[in-house]
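Dear colleague,

I am passing on a structure for you to look at, and below it I have set out what was found in it. Please read the notes with the model open beside them.

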Amino acid sequence: ARDRAGNHDTNTTEKTAITAVSFSSNVMPILLQHCAVSGCHVPGNLPYGLVLVPATTAYGNLYNVASGEVPALKRVNPTSSTNSYIYQKIQGTAAVGGTMPLAAGDALTPEEKLVIKSWIDQGATQN
């Protein structure tokens, strides 16, 4: 950049940062739209005991809790999306069961999957 006096700035310092993903602001809206819907993970329909509403219940049922289908895996293994059963289910890489969500035409977008992955890899905090 140059100013009016002809001075030229050659500053090449770059800054990078990671924006923390919020469970309540970023992850819960995805779960509410795709997972906590009629016939799925809501009270009265408990696939493997996983209820995803309200948010405090959802978090408590996800964070560091053994999966009902594969108890050796945590539903959310903080800081490890690849070892988190929920992430394997939305990616379609889980050894058991189908890709989630099951409803035709309601697959998570790559961006939504990235939000969940980032949240888990950042420690899956209840923020």
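The helices named here (H or I, at least four residues) are DSSP runs, numbered from the N terminus. This is a predicted model, in which local features need pLDDT of at least 70 and side-chain atom pairs count only at pLDDT 80 or more, whereas totals for chains, interfaces and linings use all residues. Residues are numbered from 1 along each chain as its sequence is written, and side-chain values use heavy atoms, with hydrogens and water left out.

A cis peptide bond is also found from Val 53 to Pro 54, with omega near -10 degrees, and Pro 54 belongs to the loop between α1 and α2. These bonds deserve a look, because most peptide bonds are trans and most residues other than glycine have a negative phi.

On that last point, Asn 64 has a phi near 60 degrees, a positive value in a residue other than glycine. Asn 64 follows α2 and sits in the loop between α2 and α3; at 41% relative accessibility it counts as partly exposed, where buried means under 20% relative accessible area, exposed over 50%, and partly exposed in between (1.4 Å probe, protein chains only). Thr 79, in the loop between α2 and α3, likewise has a positive phi, near 75 degrees, and with a relative accessibility of 54% Thr 79 counts as exposed.

Turning to the helices, the buried residues of α1 are Phe 23, Val 27, Met 28, Ile 30, Leu 31 and His 34. They cover an arc of only 155 degrees around the axis and therefore lie on the same side of α1, the arc being that of the directions from the helix axis to the C-beta atoms. An α-helix has 3.6 residues a turn, so residues three or four places apart point the same way. The buried residues of α1 pack against α2 (55-62), α3 (85-91) and α4, contact meaning heavy atoms within 4.5 Å.

In α2, Ala 58, Tyr 59, Asn 61 and Leu 62 are buried. Their arc around the axis is only 165 degrees, which puts them on the same side of α2, and the buried residues of α2 pack against α1, α3 and α4.

How do α1 and α4 pack? Helix α1 (residues 23-34) and helix α4 (residues 110-121) pack at an angle of about 130 degrees, with their axes 10 Å apart; axes are lines fitted to C-alpha atoms, for helices over the stretch in contact, and angles run from 0 to 180 degrees between N-to-C directions. The two helices are therefore oblique to each other, given that angles under 35 degrees count as roughly parallel, over 145 as roughly antiparallel, 65 to 115 as roughly perpendicular and the rest as oblique. From α1, Phe 23, Asn 26, Val 27, Ile 30, Gln 33 and His 34 meet Glu 112, Val 115, Ile 116 and Trp 119 of α4.

Finally, Thr 19 is in the segment before α1 and, at 66% relative accessibility, counts as exposed.
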